Amino acid sequence: CGPCREMIPIERALLDRLKGRPFAVLGVNSDTPANYAAGSKELPVAWRSFRDKRVGQPDISAEWKVGGWPTVYLIDHRGIIRKRWSAAPPAAALDKLVDELVATAVEDPDR
């Protein structure tokens, strides 16, 4: 979708800026394999993106209660969901919260 594609440069910038730090991006896509491959050639995704529909299992979007795309979850280094957006978050707000969580992860002696 358009808003999802608009997120790709933002996510890529976060990965570049936080390289070597405790940070990762994971994606879930609802595309057909052919559409995903074509879209990835135009806007390459540099992180793992899982297919929403899985054979013999519930859709990831159903398990995570995703009502629309994009939905963004911000998860801390201990696996706790700290923020959820039901649309593309403002880049500045996302950057600020990610920076705070990365700083917390770096300072945590038990990570």
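Predicted model: local features only at pLDDT ≥ 70, side-chain atom pairs only at ≥ 80, totals over all residues.
**Entry 1**

I began with strand 1, residues 26-29, and looked up its partner. Strand 1 is joined to strand 2, residues 48-51, by four bridges. The two strands run parallel. I then went through residues of strand 1 and noted what they face. Glycine 27 has serine 49 of strand 2 opposite. For asparagine 29, the bridge partner in strand 2 is arginine 51. Next I followed the chain from strand 1 to strand 2, and it passes through helix 2, residues 33-42. I wrote this β-α-β crossover down as right-handed.

Which residues of strand 1 are on the covered face, and which on the uncovered one? I found Gly27 and Asn29 on the covered face. Leu26 and Val28 make up the uncovered face.

**Entry 1: one pair of rings**

How many aromatic pairs are there? I counted one aromatic pair. It is formed by tryptophan 64 and tyrosine 73, with ring centres 4.9 Å apart. The planes stand at 75°, so I noted the pair as edge-to-face; the cut-off for that label is over 60 degrees.

I checked how open each partner is. Tryptophan 64 has a relative accessible area of 37%, so I put it down as partly exposed. Tyrosine 73 has 21% and is partly exposed too. Buried would need under 20%.

**Entry 2: glutamate 11**

Is glutamate 11 buried or exposed? I found glutamate 11 in helix 1, residues 2-17. Its relative accessibility is 18%. Because buried means under 20%, glutamate 11 counts as buried.

Last, I took the distance from glutamate 11 to serine 30. The two residues are 19 residues apart in sequence. In space they are 18 Å apart, C-alpha to C-alpha.

Methods. Residues numbered from 1 in each chain as written. Heavy atoms only, no water. Pairing = 2+ DSSP bridges. Right-handed = clockwise from strand over helix to strand, strands pointing away. Phe/Tyr/Trp six-rings, centres within 6.5 Å; stacked < 30°, edge-to-face > 60°. Buried < 20%, exposed > 50% of the residue type's maximum accessible area, 1.4 Å probe, protein only.
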